[in-house]
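Work through the following exercises with the sequence and the coordinates open. Each task is followed by a solution that goes step by step.

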Amino acid sequence: MTQISAAQKPAQTQAADSSKALYGGIPGKSSTRRITVRDLTGAKERGEKWPMLTAYDAMTASVFDEAGIPVLLVGDSMGNCHLGYETTVPVTLDEIALLSAAVVRGTSRALVVGDLPFGSYQEGPVQALRSATRLVKEAGVGAVKLEGGERSLAQTELLVQSGIPVMSHLGLTPQSVNTMGYRVQGRGDEDAHRLLRDAKAAEAAGAFAVVLELVPEELAAEVTRSLHIPTIGIGAGAECDAQVLVWTDMMGLTSGKLPRFVKQYAQLRTVMGDAAKAFAEDVVGGGFPQAEHAFH
Ligand code: KIV
């Protein structure tokens with residue numbers, strides 16, 4: 001029987017083993033160093049897909065780090081998922097800095113990306129640099145994310161020139177909910193061309209990756225083919241180089257109706273609710289504490 005060496009195996013086969021892909025930065029080798037943006041560029045060159053999750057606290061982040069998720073985003077989705085706001089708009093830089101620091105402390109291998117919240121970079125490149133520098137110095141993030149392609153060009157350029165890796169976010173950009181609403185972006189020729197232009201502008205400005213949120217699959221595929229940097233899809237189909245989900249959505253903790261692009265991998269809301277009810281029943285009925293929980 002002919003032996004196929006690892007180097008000859010199709011990229012798909014190699015990528016299928018998520019314990020080897022990108023984990024620790026060196027495929028197939030265990031390492032304790034953090035993933036860098038260069039590792040992600042290497043993954044794109046190898047045709048290797050990778051997962052990204054959001055995280056907002058040290059304990060959850062440590063679970064994802066141990067599970068081998070190479071990139072964790074401290075997203076401004078914390079507004080809806082963690083802080084009880086209705087949108088991402090009220091989230092502050094202080095909140096992102098506090099929770100990013102927790103996620104960095106809870107991890108040793110993942111690249112932690114801190115989101116620049118609404119109002120922390122729109123004034124211009126200098127404001128963006130001041131905000132991003134806080135996240136890098138105070139929280140210890142390895143990169144930042146900001147929304148917009150051409151409209152955030154000057155910000156991206158200055159951050160990258162200053163040594164701060166930038167992840168760009170295109171398509172549905174939730175910080176613009178008041179002008180954009182929540183709907184699929186890039187439908188129709190004109191919008192599709194604009195999105196492709198935005199993606200190329202982000203790459204030219206030095207961004208190391210581009211999030212594509214709520215974009216038609218065919219357009220996301222074209223953007224992915226057109227760029228040398230990885231695309232990270234959320235509601236953008238299967239052709240992106242990476243996929244991101246908000247952790248509370250994919251673990252079944254979020255209440256209410258979820259977007260169609262979310263796949264649930266657990267039902268934490270039910271698990272936690274049942275556990276809380278069982279505890280309450282035990283306390284009321286005298287089932288807890290018992291002898292083994294007491295001190296004498
Ligand atoms: O804030 C966030 O979690 C995000 C992801 C949805 C990409 O921007």
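**Exercise 1.** Determine which residues Val211 touches, not counting residues up to four places away in sequence, and decide whether Val211 is buried or exposed.

Solution. Val211 touches Lys145, Met167, Ser168, His169, Leu170, Ile232, Ile234 and Val244, where two residues are in contact if their C-beta atoms, placed from the backbone, lie within 7 Å. This is a predicted model, in which local features need pLDDT of at least 70 and side-chain atom pairs count only at pLDDT 80 or more, whereas totals for chains, interfaces and linings use all residues. Residues are numbered from 1 along each chain as its sequence is written. Val211 lies in strand β6; helices (H or I, at least four residues) and strands (E, at least two) are DSSP runs, numbered from the N terminus. A residue is buried if 20 or more other C-beta atoms, placed from the backbone, lie within 10 Å of its own, exposed if 12 or fewer, and partly exposed in between. Val211 counts as buried because it has 29 C-beta neighbours inside 10 Å. Finally, Val211 and Leu146 are 65 residues apart in sequence, while their C-alpha atoms are 9.7 Å apart in space.

**Exercise 2.** Explain why the buried residues of helix α2 lie on the same side, and find what they pack against.

Solution. In α2 (residues 37–46), the buried residues are Val37, Asp39, Leu40, Ala43 and Lys44. They lie on the same side of α2 because they cover an arc of only 155 degrees around the axis, the arc being that of the directions from the helix axis to the C-beta atoms. On the other side of α2, Arg38 and Glu45 are exposed. The buried residues pack against β1 (50–54), β4 and β6 (209–213), and just after the helix Gly47 takes a positive phi of about 75 degrees.

**Exercise 3.** List the residues around the ligand and divide them into nonpolar, polar and charged.

Solution. The residues around the ligand are Thr54, Leu73, Gly75, Asp76, Ser77, Asp115, His169, Val211, Glu213, Ile234, Val244 and Val246, where a residue qualifies if its C-beta atom, placed from the backbone, lies within 6 Å of the molecule. They divide into five nonpolar, four polar and three charged; Ala, Val, Leu, Ile, Met, Phe, Trp, Tyr, Cys and Pro count as nonpolar, Asp, Glu, Lys and Arg as charged, and the others, Gly among them, as polar.
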